Amino acid sequence: MSQETKLITINIDGQDIQVPAGTNVIDAATSAGKEIPHFCYHPHLSVSGNCRMCLVELGTPMIDRATNQPVLDENGKPKISFMPKPAIACSTKATPGMHVKTQTPAIKDCQNGVMEFLLVNHPLDCPICDQAGECRLQEFATDYGRGYSRYIEEKNVKPKRTQLGPRVTLDDERCILCSRCVRFSKEIVKDDVLGFIDRGSYSTLACYPGKKLENNYSLNTVDICPVGALTSTDFRFKMRVWFLKPVNSICTESSVGVNTQVWSREGQIYRITPRRNDAVNDSWMADSGRMLYKQVEDESRLKHYQINGVESTFEAATKAAADLINSGKVAYVGSARMSVEEQFLLREIAEFKLGGMHLVYHQQQGDDLLIAKDASPNLRGALVSGLIKELPKTDLAVLGTRIDSGNVDTLFVAGEDLTKVGLTPAQIAKVKIIYHGTHTNATSEKSAVLLPALTVFERTGCFINQQFRIQKFNTCVPPTNGIRADIEVLSQIQSQVKGEHYKLPNIQAIWEQMGKRINVLAGVTFNSIPDDGLLLDGSDFSALTFCEVKSLHYNVRTSTSTFANT
Amino acid sequence: MAKVVDRKPLTWAEHTYLPQIVGGLKITLTNLFRKKVTLQYPEERPVIPDGYRGIPTLVKDPNGREKCVSCQLCEFVCPPKAIRITPGAIPEENTERAHIEKAPQEFEINMLRCIYCGFCQEVCPEEAIFLQDTFSLSGYSREELVFQKQKLYEIGGTLPDKHFKWDKKRSAAHAGNAH
Ligand code: SF4
Ligand code: SF4
Ligand code: FES
C-alpha cells in the first residue's frame, strides 16, 4: 500500500485543519467544508491558473533570518506575513503553517471583478442553456457577483452551434476559455484536438483543422465544462437538469466498473454521467457507456412471461421453469452480467439440481483508460460468489459437445444469445430452453419458458470489478411492464426446484447467506458497502490469468503483486 | 362558573313588533329603488380589471413569433403541477428563428389543476405566459380541459413587448462583432 503522507496543519479563515503535505489549497479548503470558487481548476487535470476566480490571501510564518526560527508575536504564536497581493489558490500547495484568507474585503472585490469580466461578453441565455441549474457561472454570479450589470456596450458575437464532433455541440459565446476541455483531451485521452484560436475577446475554442472531437471520451468535456459552452448533442434541449433525479449506478460496459449517476425523471432516463471515484474512474467515463440507457426503452425489450410462446404469469412461468429443471438433464448458462446476488442464487439452484455451469468470457478490444478487455462487469463476481471455479472459455463449445452426446436436454440461460457463442442451431434444437434475459434475440425466440429480466437500471445489486472492488448499483427507474426483479425470479425458481415455500427475497437476507458461505464476504453486508465500493481480497484467484491488461487505475502486473502480498 | 345573563323584559313598543317591521321594510324599499348590482350573466359580462388572474395563456410577440423558449421554469414553479412541456430545438435551417434555438414542442396546461396563482407568469424570463381575462371554463371531459400549445396561443394572442431580446440577438448576429 502507498506510504502514509505526512499531515501538516494549515489555517483557513482562522480555522486550523490537517491536510497531507502538498495538497492543493482549493482541495484543502473543500475538505474543511469551505468553498474557494474556481472555474479552470479540476482535481484530475493539470493546473492552468487562467480564470483567476480562486484568488485568496496567502500568508506563511515569518522566519528570523539570523536564527532560522519562527518569529513569535506577544502571545507566543508564530507571526504570519501575508503576501501584499492576492494569489491563486489552485496553483498553491499547502505548506506547514500556511494561512489562507478567503473572505476578506479585498478578496470579495477580486471575485466581484472577475465575475464582472467573465460576464461582459456572456450571452446570458440561461433560459435556453442546458447547463442552467448546474452552471458554475450561474452559481458564482449569485454567490460572488455584483447582481447587476454595468455593461451597456454591444456584446461579442460568436458561433452558437458548432459541431465539434459527433456527440458534442459548442456554443462559443458561453465559453469562458478555462481550457479544461483542452487539457482533458491532451492529458487524459491523449487526443490533442482542441485548442484556442484568435486573441483577446475573439478567442474561440476550435478543433485542430481537419480533425474532430470524436474520441470515445469526448463527452467528459461536456461534464467538466463549467459553463454551458460544451453540450451533449444527445441530451441537448431534452430536459432541464433540475427535474432529473440522480441515482448511483455502475457502468456495465466492461470490468472496469465505472461509477456513474443515472439521471431520470418519472421513470425515464435522460442521461448518464460519471461519478467521481478516485480509485476507479476519477471523474471520467466513456461515451459508449453513456448510451447504454437506451436499452431500457428499446423496442426489443422482453415484456411478458411466456410458456411455449403463450403469454403467462410470473408464478406459472417460474413453476414451468422449475419443472423443466427438475425433470430433465439440465445444464446452466450463467453470465458475468448478473449481479453477485443473482449469481449466488443461481449457484444454489445448480447445487441442488446438479448440472454443468457454463459461462462465456466476453472479450473486446478495450483501451487503456476505462474500457477493459473483459466486456462484462462481473466476472470476478462469478468467481467470488462460487458460481464458477475457473475462468470460462470464450465460447460454449464444451456445452455443445455435452448436448451432442445427449447429456443435456434442458438449458437454463441467463441472458446469453446461444447462437452467438458457439452453439449450432442443431444443438439448440435438441434442448428445451429456459431463457431469462432482457431483450429479444434468436435464443429467446426458441425458448420453452421465457422469463423477462430487468436491465441494470431497474434493479439493485453489486458487481465486482477487475480490481476485486465490490460496488453497488441501485434501482434508477421502476421496472418495465411490472417485470419482477431478477433475484425474485431466481429465488422463486429456487424454492420451486427445492419444493420449498416461496419467500419474497430481500437483498439483506441474500447477503446474510452469502456472508455465511463465502469467506471473503464474511462480515460484509449490503448496506455496509460504501458508495465508492469495497476492495475485496482477491488472493484466492491470483493463479488465474484474466484478460485485462491495463486501465486508468489497474495494471495487471502491480495488481497481481498486491494480491500476492495481502 | 356559570354566569347568569340578565335578559331585559321587552318594552310595550317592542311587544307590538311594529318598529322592527317598519325598519325592515325601510331597508327593503331603499334597496328596491337603488341602482341594480346584479349582472345578467352570461348575457352581460363584468368588466375585468387589469391584473386579473384568469387562465394562463401563451402569448406571441408583436412580430407574431412564439416567445416561449421552453425553459420549463413555469413547469418547475407551478404548485399543482398543471404545466407539462416537451422542449424542442429550432433547426438551424429556420433562419428566421434559429437564433432562439429552443421552443416548446408541446406545451400543456391542465386547467383543472391550475389554481390561478400566477407563479408561471411571474417566473417566466421571456414574458411568454400571462394569466389573462378568461375566467370561466367548462367542458364535457377532463381531456378537453387540458389545453395544448395551439389552444393556449389562440387564447393568448399578442401582447405588447418592449424587450425584443431575441430580435436584438439576431441583428447582432447579422452585424457581427462591433469592434
Ligand atoms: S397559474 Fe399557478 S397553478 Fe396555474 S398554471 Fe400558472 S403556476 Fe400553475
Ligand atoms: S412560458 Fe416562460 S417560463 Fe414557461 S417554459 Fe416558456 S419561457 Fe419558460
Ligand atoms: S481556478 Fe485558479 S485560476 Fe482558475
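Six elements of chain A each give at least two residues to the lining of the second largest pocket: the helices α1 (25-31), α3 (136-144) and α5 (219-224), plus the strands β11 (230-232), β13 (259-265) and β14 (268-274). Keep in mind that this is a predicted model.

**The pocket**

The second largest pocket holds about 1,100 Å³ of space. Its lining counts 42 residues, and those nearest the centre are A:Glu134, A:Arg136, A:Asp223, A:Ile224 and A:Pro274. By type, the lining splits into 18 nonpolar, 14 charged and ten polar residues.

Besides being one of the residues nearest the pocket centre, A:Asp223 pairs with A:Arg290 in a salt bridge, 2.8 Å from N to O. A:Asp223 sits in helix α5 and A:Arg290 in helix α6 (residues 287-290) of chain A, so this pair ties together parts that are 67 residues apart in sequence.

**Where the chains meet**

How many residues does each chain bring to the contact? Chain A brings 23 residues and chain B brings 28 residues. Between them, about 2,200 Å² is buried, with 53% of that coming from carbon and sulfur atoms. On the chain A side, the residues that lose the most area to chain B are A:Ile128, A:Arg161 and A:Phe237, which together make up 31% of what that side buries.

One links A:Arg265 to B:Glu75, with the closest N and O atoms 2.7 Å apart. As a rule, side chains of opposite charge can pair when their charged atoms come close. Eight residue pairs are in polar contact between chain A and chain B, both partners being at pLDDT 80 or more. The side of chain A that touches chain B is made up of eleven charged, ten nonpolar and two polar residues.

| Salt bridge | N to O distance |
|---|---|
| A:Arg265 with B:Glu75 | 2.7 Å |
| A:Arg290 with A:Asp223 | 2.8 Å |

**Two spots in chain B**

B:Ala89 belongs to strand β2 (residues 83-89) of chain B. What does B:Ala89 touch, leaving out residues up to four places away in sequence? The list is A:Phe237 from the other chain, plus B:Glu101 and B:Lys102. A:Phe237 is also among the chain A residues that lose the most area to chain B.

B:Phe130 is part of strand β4 (residues 129-131) of chain B. Beyond its neighbours within four places in sequence, B:Phe130 is in contact with B:Ile55, B:Pro56, B:Thr57, B:Val59, B:Gln121 and B:Leu159. B:Val59 is 71 residues away along the chain, yet its C-alpha atom is 7.2 Å from that of B:Phe130.

Most residues other than glycine have a negative phi, and most peptide bonds are trans. In chain B, the peptide bond from B:Tyr41 to B:Pro42 is cis, with omega near 5°. B:Pro42 falls in the loop between α2 (18-33) and β1 (56-58) of chain B.

Definitions and conventions. Residues are numbered from 1 along each chain as its sequence is written. Chains are lettered from A and ligands numbered from 1 in the order in which they are written. This is a predicted model: local features need pLDDT of at least 70, side-chain atom pairs count only at pLDDT 80 or more; totals for chains, interfaces and linings use all residues. Side-chain values use heavy atoms; hydrogens and water are left out. Contact means heavy atoms within 4.5 Å. Buried area is the accessible area (1.4 Å probe) that two parts lose on being put together, summed over both. A salt bridge is a side-chain nitrogen of Lys or Arg within 4 Å of a carboxyl oxygen of Asp or Glu. A polar contact is a pair of N or O atoms within 3.5 Å; within protein, one must be able to donate a hydrogen and the other to accept it, and residues adjacent in sequence count only if both atoms are side-chain atoms. Ala, Val, Leu, Ile, Met, Phe, Trp, Tyr, Cys and Pro count as nonpolar, Asp, Glu, Lys and Arg as charged, and the others, Gly among them, as polar. On a 1 Å grid over the protein atoms alone, a cavity is a set of points where a 1.4 Å probe fits but cannot get out, and a pocket is an open set with protein on both sides within 12 Å along at least five of seven lines; lining residues have an atom within 4 Å of a point. Grid points are joined across faces, edges and corners, and a volume is the space filled by probe spheres set on the points. Helices (H or I, at least four residues) and strands (E, at least two) are DSSP runs, numbered from the N terminus.
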